[in-house]
Amino acid sequence: MIELLVAYTPFLIAALLLNISPGPDMAYIVGQTAVHGRKIGLFSSLGVISGAFVHVLAATFGLSAILATSALAFAIVKWIGVAYLVWLGIGALRSSFAKSESDAQSAEPAAPISTKPMTAFGAWRQGVMIDVLNPKVAIFFMAFLPQFIDPSRGNGAVQFLVLGLMVLLIAFVVEGMLVLAVASAAGRIKGSRKLGAWLNRALGGMFIALGIRLAISQQ
């Protein structure tokens, strides 16, 4: 057992460092948590991890090789992902401006931060789609995990799957702690409708920025 732990220590360290490094997934989860709260943040994280698990399965069974070797397949998935992110961004921006117009016409006192309702399932589904439609995630798993597969330890596909699950488990722990921290900080802020609208605009801008980032990415 100790020997096995020592053997996988480099992998665990690398997986931890990768998961604490700022990236699109982390930005998305932070944005969702700041706007919608802890519950939605956690389900957003679960969605992202579920989407990544799809890529792990695809890589395990060799399907991700298509994205790695076919420029057309990579481009199709990438541009669908870009369109989805931009669509989410425009939706968030439209919601924020509609809220601002409504507040300007209302004489009621300011209320706590309120945005378009987001369900737990909706947050999970959104996270899944964002990750599944990012071909760079598939390429990442195909490039990262094989470095830690040892033929002497048995079936390579099984090792690949186990290592992928370990990366996702570490991701959920790291992202869960991040969600709790962001939700706690946001909870201390006495918000207003105006602040809620600006948070939604920031979230919309973030979605569009992620779409642009994906659009300019290369295979």
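**Figure 1. The whole chain.** Of the contacts in the chain with a separation of 6 or more, 84% join residues 24 or more positions apart. The model shown is predicted. The chain holds 9 helices and 0 strands. Read from the N terminus, its elements run α-α-α-α-α-α-α-α-α. Buried residues make up 39% of the 219 residues.

**Figure 2. Helix α2, residues 24-36.** Which residues of α2 are buried? They are M26, Y28, I29, G31, Q32, T33 and V35. An α-helix has 3.6 residues a turn, so residues three or four places apart point the same way. Look just past the end of α2 for G37. G37 takes a positive phi of about 105°.

**Figure 3. Helix α3, residues 38-60.** Count 23 residues in α3. From first C-alpha to last, α3 reaches 33 Å. That is close to the 33 Å expected at 1.5 Å a residue. After α3 comes G62. The phi of G62 is positive, near 85°.

**Figure 4. Where α3 meets α6.** Two packed helices are described by the angle between their axes and the distance between the axes. Here the partners are α3 and α6, the latter covering residues 120-132. Their axes come within 7 Å and cross at roughly 35°. The crossing of α3 and α6 is right-handed. Which residues of α3 take part? K39, I40, F43, S44, L46, G47, V48, S50, G51, A52, V54 and H55 do. They meet A120, A123, W124, G127, V128, D131 and V132 of α6. Sorted by class, the contact of α3 with α6 has 11 nonpolar, 6 polar and 2 charged residues.

**Figure 5. The salt bridge of R153 and D150.** Side chains of opposite charge can pair when their charged atoms come close. How many salt bridges are counted? The count comes to 1. R153 pairs with D150, and their closest N and O atoms are 2.8 Å apart. That distance is within the 4 Å cut-off, so the pair counts as a salt bridge. How accessible are the two partners? R153 has a relative accessible area of 37%, so R153 counts as partly exposed. D150, at 24% relative accessibility, is partly exposed as well.

Conventions
Residues are numbered from 1 along each chain as its sequence is written. This is a predicted model: local features need pLDDT of at least 70, side-chain atom pairs count only at pLDDT 80 or more; totals for chains, interfaces and linings use all residues. Side-chain values use heavy atoms; hydrogens and water are left out. Axes are lines fitted to C-alpha atoms, for helices over the stretch in contact, and angles run from 0 to 180 degrees between N-to-C directions. Helices (H or I, at least four residues) and strands (E, at least two) are DSSP runs, numbered from the N terminus. A crossing is left-handed if the near helix is turned anticlockwise from the far one by less than a right angle, and right-handed if clockwise. Contact means heavy atoms within 4.5 Å. Ala, Val, Leu, Ile, Met, Phe, Trp, Tyr, Cys and Pro count as nonpolar, Asp, Glu, Lys and Arg as charged, and the others, Gly among them, as polar. A salt bridge is a side-chain nitrogen of Lys or Arg within 4 Å of a carboxyl oxygen of Asp or Glu. Buried means under 20% relative accessible area, exposed over 50%, partly exposed in between (1.4 Å probe, protein chains only). The expected span of a helix is 1.5 Å times one less than its number of residues.
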